[in-house]
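Keep the picture open while you read.

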Amino acid sequence: AEARSVDLRCEQADAVVVDGDAGWLERLILNLLDNALKFTRENGRVVVRISRERDAARLDVQDTG
């Protein structure tokens, strides 16, 4: 993100605990971030939001690409 002057932000409203395979969760998040950064133009923005919805975790990745 820094090399392409992309503003990368992470927003978290509440503490979120996810029960799952840490390796697969990491791969999933890195894949989403990689795609967002790859398709966002220079000086763009990528925002990652984590939140809770009832008994589930929600991950949103928003970009300007």
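Start with Val 18: skipping its neighbours within four places in sequence, Val 18 is in contact with Leu 25 and Ala 57, where contact means heavy atoms within 4.5 Å. Before going further, know that this is a predicted model, where local features need pLDDT of at least 70 and side-chain atom pairs count only at pLDDT 80 or more, while totals for chains, interfaces and linings use all residues. Residues are numbered from 1 along each chain as its sequence is written, and side-chain values use heavy atoms, with hydrogens and water left out.

Where does Val 18 sit? You'll find Val 18 in the loop between strand S1 (7-12) and H1. Helices (H or I, at least four residues) and strands (E, at least two) are DSSP runs, numbered from the N terminus. Val 18 and Leu 30 are 12 residues apart in sequence, and 16 Å apart in space, C-alpha to C-alpha.

Now for the strands. S1 and S2 run parallel and are joined by six bridges; strands pair if DSSP finds at least two bridges between them. Glu 11 stands opposite Arg 49 in S2. Going from S1 through H1 to S2, the chain makes a β-α-β crossover that is left-handed. For a right-handed one, picture the strands pointing away from you: the path from the first strand over the helix to the second would run clockwise.

Leu 28, Ile 29, Leu 32 and Leu 59 make a nonpolar patch of about 290 Å². Helix H1 (residues 22-38) gives the most to this patch, with three residues. Patches are made of residues with over 30% relative accessible area and no salt bridge, with like charges joined within 9 Å and nonpolar side chains (Val, Leu, Ile, Met, Phe, Trp, Tyr) within 5 Å. A salt bridge is a side-chain nitrogen of Lys or Arg within 4 Å of a carboxyl oxygen of Asp or Glu. The areas come from the Shrake-Rupley method with a 1.4 Å probe, and for residues only the protein chains shown count as cover.

How open are some of these residues? Buried means under 20% relative accessible area, exposed over 50%, and partly exposed in between.

| Residue | Relative accessibility | Class |
|---|---|---|
| Ile 29 | 35% | partly exposed |
| Val 18 | 44% | partly exposed |
| Ser 5 | 39% | partly exposed |
| Asn 43 | 61% | exposed |

Ser 5, in the segment before S1, has a positive phi of about 55° although it is not a glycine. Asn 43, in the loop between H1 and strand S2 (45-53), isn't a glycine either, yet has a positive phi of about 65°.

Terms used:
Buried < 20%, exposed > 50% of the residue type's maximum accessible area, 1.4 Å probe, protein only.
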